[in-house]
Structure formats: structure tokens, C-alpha cells
Amino acid sequence: KRVVTTILVICLFACILGSVIYTIIDNHRFVVVEETIPIHHLPDSFDGFKILQISDLHGSYFGDEQTDLVEAINRLDYDMIAFTGDMSNDRSKDHSGPTTQSVLDLIVGIQSYAPMFWVDGNWGPFTMSTICDIFSGNLTPVGKTLQEKGVILLTQPVPITRGEDRIWITPVLSKSSFECYQEKLIEQSMGIDSTEQKALLSAIAAYEQINDNGEVKLALNHYPFPTNLTESQITAQEHLDYDLILAGHYHGGQIRLPIIGALYIPSYTTENNNGGLFPDQNDVKGMTYFGTTPQYISAGLGSSNVIPLLNFRLFNTPEINLITMAGVN
């Protein structure tokens, strides 16, 4: 019996040690996950349009000064980059912090003429102040720095043109957000000539310009849209008519177990409404839907330190995503 017990203890120790070593190695490597998504009424000139999505870096490094990540990105063929939030592990009031450098090293190292679009997450670096998730008209120092480095901060819908065709890259815009924004302005006694009021009017004008205009719209957002809303709930929000949504935030569950998958995501979108515990695995990462709109959720690159002892990814290799839009008539 002692021999059997000793063997079991040794095996258990070996499994734990092996898992620790694997996790350390796995958290410092990444994979490129490719996905082709059919888009109805995509102009022929944009068929095969490739989007490199980079999300939830959380201040992680992949090589000194991001050399491993940069070299991999510079070998890829893509038409635009989408940064979808939580790129550092900072929440500082001055919108900067020690892990912001990880983002700057990445952006400086990328060698591409393709446009780079950015939306903020719930972690830094924060590039713009918002009200009800709509740009308030004020950039932070980090935002101005990223702009100087060629990053397009997605404060308004931006067209990409090919010949006479165009598609729109847009932040999330909805009439329900406009109403929320206006209520906040009233609460704060903002004047009609204020920067914030002008930003709201600009967002409304952009919405009215492109809503239901028959052109393809790609929405970038940090938070995935809820997947369990009814058609009437979705209609009530009066979003732009997005054709594709790219999001992050969930980290693929961050802690995953073989066969079982993610144990938790910070979301209430699962059918049993259990606060994100034991989520529907279809909601965690990859392709899902907001109503009938395709939504792609990146598992991202890093991990958050909300729970310091769990600031790592388990059985969850970091990823960047190469998404190809394919035309469907």
C-alpha cells in the first residue's frame, strides 16, 4: 500500500508540476486564429477583405519589446487592424501607467500601411472620455499619442473606400445610447454649446447619415453584445444596422478546463442567467450572433488581475485573429 500511495503522490506531483510548466510556457506564446465570415451584400472589391483583430493584451509581453508578436504580425497579410480594448492592465486616473508601454512597443513595431482602428475597453490605456459609451469630444494624452502614431481612434464611423465602393468601420451607435447620453448631460447641467453636447449631435448626425443606407458596416466594440436578447429587445435599442461585430473582453474564459471549456465569463447572456458561471461555450469566443448579426469574439492575448492569484490563462493559448470577410449575394 505504501508503494502504491507513493506512486500516486509522485504522479500527482508530476501532473501539477507539468501543468505549471505548461501554463507558464503557454502564457508566453500565441497562435493566429483564422476565420472566414460571410457578409451579405459585400461589394465585390471587398470580397476577401482581411481584418487583424488584436484584443485584451493586458500589458503582456511576447518577446522583448514585443518582438515575437511584432514579427508574427509583420508576416501576415491583412487590410486593417482592429484593436478592441483592454490593451494594458492600467486603470489609472491619468489614463497611463506602467503597462501602457507594452502597447506603444507593439504599435511602434508594426510595419504596415493598413489602417489601424482602436476602441477602448474597461481597462486602459484609455484614449478618450465617453458618456454612455459614446465619445464625449475629449481625448486623453495617451489618445493623442496613439493618434500621432497613426492609430485611428474610432470616435465616429470611418469609411474605407475601394474605387466607387466603400464599407464603414464604426463604433457602437444606437438611439438608446443617445437617450442615455442626453440624460447624463441634463444631470450634469451641460450647456448646449458644450464639447459634450457637440459630440452627441455629431454622433446622431453620423448615425442618421449611414443607418439603413445599404452599405456594409463593421462595428468594433470591447464588450460582446448579449446573445440571449429577444428580437423585440434588440429592436428597442435601435442600433445601426451592423453587418459584423468584433469584440473581446471574455479572454476565452481565461481559466479553461479540457473538455469542459470556460468556467466563467463576465456576462449575463447565458440562457440560465447564472451570472456568467458555466456559460454556454458558444458565447465564450469565436463566432456567435447578436440577433441575426454575426459577432466574432476574440479570446485575446492577456489576462486580467481582478483576482491577483488567477492572473494567468489556463489551457487557453493567447491568440490574435485574422478574419476574412467573404461576399454573399
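K217 forms a salt bridge with D241, with 3.3 Å between the closest N and O atoms. The pair joins distant parts of the chain, since K217 is in strand β10 (residues 217-220) and D241 is in the loop between α7 and β11, 24 residues apart. The model is predicted, so local features need pLDDT of at least 70 and side-chain atom pairs count only at pLDDT 80 or more, while totals for chains, interfaces and linings use all residues. Residues are numbered from 1 along each chain as its sequence is written, and side-chain values use heavy atoms, with hydrogens and water left out.

A salt bridge is taken as a side-chain nitrogen of Lys or Arg within 4 Å of a carboxyl oxygen of Asp or Glu, and helices (H or I, at least four residues) and strands (E, at least two) are DSSP runs numbered from the N terminus. Relative accessible area (1.4 Å probe, protein chains only) under 20% is termed buried, over 50% exposed, and in between partly exposed. On this scale K217 is buried at 0%, whereas D241 is partly exposed at 25%.

The structure holds 5 salt bridges. Another of them is between the side chains of E238 and K175, at 3.7 Å from N to O. E238 lies in the loop between α7 (231-237) and β11 (244-247) and K175 in helix α5 (residues 175-187), so this pair ties together parts 63 residues apart in sequence. E238 is partly exposed, with a relative accessible area of 36%, and K175 is partly exposed at 36%. The side chains of R29 and D26 also meet in a salt bridge, at 2.8 Å from N to O. Here R29 is partly exposed at 36%, but D26 is buried at 1%.

Rings of Phe, Tyr and Trp (its six-membered ring) were paired if their centres lie within 6.5 Å, with planes under 30 degrees apart counted as stacked, over 60 as edge-to-face and the rest as tilted. By this rule there are 7 aromatic pairs. In one of them, the ring centres of F30 and F62 are 5.6 Å apart and the planes are at 85°, so the pair is edge-to-face. F30 is in the loop between α1 (2-26) and β1 (31-40) and F62 in the loop between β2 (49-54) and α2 (67-75), so parts 32 residues apart in sequence are tied together. F225, Y242 and F290 form one aromatic cluster.

Q197 is found in helix α6 (residues 195-210) and is buried at 8% relative accessibility. Apart from neighbours within four places in sequence, Q197 is in contact (heavy atoms within 4.5 Å) with Q182, L185, G191 and I192.
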